[in-house]
Amino acid sequence: MGLALLILIWLITLVSTYFFVAKTWWLPAGAAAAAQWIDGQFALTFILMGIVFLAAQLGLGYIVWKYKETPSSPPVSYSHGNTKLEIIWTTLTAILFIGLNLMGSTVWASQRFAPAEAGAVQVEVTGMQFAWYFRYPGPDGKYGATSPKLMDPSAGGEAAVGLNTSDPAAKDDVVTGTMYLPVNREVDLSLRAVDVIHSFFVPSFRFKQDTVPGLNIHMHIKPTVIGDYEIACAELCGLGHYKMHGMVHVVSQEDFDKWLAAREAEKQ
Amino acid sequence: MATPATVHAHAAPQGFIRKYIFSLDHKVIGIQYFFLALTAVFVGMFLSLLMRIHMIWPTAVLPLVGEIKPETYLSLLTMHGTIMVFFVLTTAPQGGFGNYVLPIQIGAPDMAFPVLNMLSFWTTFVGFVVIIAAFFVTGGAPLHGWTGYPPLSALQSAGPGEGLGADLWITSIAIFCIASLMGALNFITTTLDLRAKGMTMMRMPLTVWSWFITAILGLLAFGVLLSAGILLLLDRNFGTSFYVPLVVVNGQIMGHKGGSPLLWQHLFWFFGHPEVYIAILPGMGVTSQILSTFSRKPIFGYKAMVYAMLSIGFFGFMVWGHHMFMSGMSPYSAFAFSILTMCIGVPSAIKTFNWLGTMWKGRIRFQTPMLYAIGFVSLFVSGGLSGPFLAQPVLDIPLHDTYFVVGHFHLIMGVAAIFGIFAATYYWFPKMFGRMMNETWGRIHFFITLAGTYAIFMPMHYLGLAGQTRRYSQFTEVAYQAKLIPLQTFITYAAIITISSQFIFVINLFWSMFKGPKASDNPWESTTLEWTTSTPPPHDNFGGVTPVVHNGPYEYGVPGAKKDYLMQTDPPVDGGHEKG
């Protein structure tokens, strides 16, 4: 029985570890400035937790096999523990866990404590059952007013986010169902939701933020690789949650300017 | 102060109804809780089976159920989570085994408040009936998930099931909270006031400590959830706006203004995180008890184990914000919640070290309770080590609301807790029902369940890393997720096999209840008080005798003793000591 347990526990441990190490299923390649920092912290955490995982599980398997009761087993060592050992492993674990945490917190601070750089591209993200809309303020750099009374999701586009077209600042606002971003530019995202909570998740950017009715949450990202990236809603928002899908196209500054100009032209 | 003699004023009942239905006997009530949880776990497991089938074969027409629609899938996951967390993971370890074993282990004739005890069971039962009713009302069961985040859960028009079904859902939870508050009061009073002579706090079995701490957590947590639930009912039905700001659903302006969706999340997780420990602490207690008994060695670091559980309980109330790193909460508070969460990993690690230390140089006996206790340690390690990923806000960015989280909490608070329940069942079954369970089938059940559990939940970590979001009924809409369907299919097959194998357990349970070999008073050669009395124990637990305790709870392999163990009531031996 001891041997059977050892084999099962070791097998589970080694097979599980193999797929982590082989990265058979893994994070997509990073495509935003934050990705390399997050992935670095990830790798460090993986190595440390992996060592603890292997040591604990392999040790467990070994102990249950080694100390199984047989007629020739020696008497047990009558011990109620060892205070010195307790203190040592408590201290080591505390240093490991808290140290790891402090290392990761600098990345968090740089992402969340400071606002976007001046001159960042402005994009407003609006989540609603079950679509994403993106609004660009246009040449005036100002978002026009929106009103809940004007929201008409069935009409899509400007009407869906309730854009008040009589507001002068709204004249040049561009609302789209697909997100375009210029590469290597900081983006100042303004995240909103009109009905229930949604979550704007772009795995390749290592970016996720809930969009919450009543809140306007500012976050910043900087895409670094030209390409097409998928957006998935990550907060349960109703029966269509699984199909609340969107796309981000990261393009060169030149292509971005052309795209935005074409949208402006369509409006006129 | 209540004393054992005054509490047990009620004589042994005679009629069937007073003996088995509205019983005041903690042992009968414990068994009632156990069977309620057993019913609930099969309902919850059946729902998860339907979910797994729907994900892989979305158009399958199933017998009885028909075709599952995406919204039905969301109802299934909501009800699966709610039933499992409340009516299984809270009910079985605490209401079931805690009720049955705690009074006997401290040498009391019953709980401090037997009528309150009966009331808390029947209130729980009503809660269960109410939640099951949600399946059968117009619109069906709610689809907002077991966490019920408003505005989705607060607006009747936000989706199917958000009408009467959602009202029944929140009502059931509120009823459950009331029942748990009554139970918690009873457990705390009993532990503090009804201990036999010589049963000092530091001689209590670790199981008693775990139920005691769990009860304190319950007392502090369920009151908050109850209040939060009442506010949600008001928002849903009486036009208040605690949780709902001005929102527009489908082009319609709802009549709410100024509420905060994050308020619910704070209140819910202020309950929800301690709830994780409510589910797992009794499992830790029973694992400690069993590892010591079946290794024939004293528990390694008894005092450290007690302090670890106390600090887990203490820190457990200060970490709720780690569920909310992506919620829009202040990033500065995320920083604090994250450090505190890492702190809670320390006592958890101490427990693991001490479990390994207990088995080290022991004489391990591999009866089924021991197998499950060893399985608990393995699952606790695996589920625990994904914690430090999720506890770091930066790593939570890619992982939050993905299958990584689903794998993490199922391993640690789902199946590890379930392994604790299995260990407790195989261990105390002889005492409860007077007969032994079948060992061969117990072992077969264990090996399939351990392997199956890992086959289901370990791949979920890989899915989460690859960005597979939670609560998706289909994976075909997002291109990168469609590539993960083969792994999802593997999980579904593993789930079908593992769920099927649970019938081995049920058949063993009922067969042994009537046909198993008769159990002796102390079949495992254990030391705690429940093994000093007859099997099953008489109505007043000790047949008119009040036990007097002389020894600590885990005196195995004491040099100079006649046997390799000393019962807690045995006269102390020179070689024995109680130092921690």
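Predicted model: local features only at pLDDT ≥ 70, side-chain atom pairs only at ≥ 80, totals over all residues.
Me: Okay, starting with chain A. How many helices and strands are there in it?
Reply: Chain A has 5 helices and 10 strands.

Me: And is chain A compact or spread out?
Reply: Spread out. Its radius of gyration is 26 Å, while the globule rule gives 18 Å for 268 residues, so chain A is more spread out than a compact globule.

Me: What box do its C-alpha atoms fill?
Reply: Roughly 90 × 40 × 30 Å, taken along the principal axes.

Me: Got it. Which domains is chain A divided into?
Reply: Domain 1 covers 2–67 + 85–112, and domain 2 covers 121–267. Notice that domain 1 is written as two stretches.

Me: How far apart are the C-alpha centres of those two domains?
Reply: The centres of domain 1 and domain 2 of chain A lie 37 Å apart. The contact between them takes 10 residues from domain 1 and 13 residues from domain 2.

Me: What classes of residue does domain 1 bring to that contact?
Reply: On the side of domain 1 of chain A that touches domain 2, there are 9 nonpolar residues, 1 polar residue and no charged ones.

Me: Switching topic: the two chains together. How many residues does each one give to the contact?
Reply: Chain B gives 95 residues and chain A gives 87 residues.

Me: Which part of chain B gives the largest share?
Reply: That's helix H10 of chain B, residues 331–359, with 14 residues on the side that touches chain A. By class, that whole side of chain B splits into 62 nonpolar, 23 polar and 10 charged residues.

Me: Now chain B by itself. What does its domain assignment give?
Reply: Domain 1 is 29–259, domain 2 is 276–518 and domain 3 is 522–580.

Me: Where do domains 2 and 3 of chain B sit, going by their C-alpha centres?
Reply: Those centres lie 30 Å apart. In the contact, 17 residues of domain 2 of chain B meet 12 residues of domain 3 of chain B.

Me: Which elements of domain 2 give two or more residues there?
Reply: Helices H8 (261–295), H9 (302–315) and H14 (403–433) of chain B. The largest share, 5 residues, comes from H14(B). That side of domain 2 of chain B has 9 nonpolar, 4 polar and 4 charged residues.

Me: Helix packing next! At what angle do H4 and H5 of chain B pack?
Reply: About 160°, with the axes of H4 (residues 70–105) and H5 (residues 114–133) 12 Å apart. Angles over 145 degrees count as roughly antiparallel, and H4(B) and H5(B) are therefore roughly antiparallel to each other. Their crossing is left-handed.

Me: Which residues meet there?
Reply: From H4(B), they include B:Thr82, B:Phe87 and B:Gly95, and from H5(B), B:Asn117, B:Phe121 and B:Phe128 are among them. The contact of H4(B) with H5(B) has 5 nonpolar, 6 polar and no charged residues.

Me: What about H3 and H4 of chain B, how do their axes cross?
Reply: The axes of H3(B), residues 26–56, and H4(B) come within 7 Å and cross at roughly 155°. That makes H3(B) roughly antiparallel to H4(B). H3(B) passes H4(B) in a left-handed crossing.

Me: And the residue classes in the contact of H3(B) with H4(B), what are they?
Reply: They divide into 24 nonpolar, 10 polar and 1 charged.

Conventions: Residues numbered from 1 in each chain as written. Chains lettered and ligands numbered in written order. Contact = placed C-beta atoms within 7 Å. Helix = DSSP H or I, 4+ residues; strand = E, 2+ residues; numbered from the N terminus. Nonpolar A, V, L, I, M, F, W, Y, C, P; charged D, E, K, R; others polar. Axes fitted to C-alpha atoms, helices over the stretch in contact; angles between N-to-C directions. Parallel < 35°, antiparallel > 145°, perpendicular 65-115°, else oblique. Left-handed = near helix turned anticlockwise from the far one by under 90°. Domains from an automatic or database assignment. Rg over C-alpha atoms; globule rule 2.2 N^0.38 Å.
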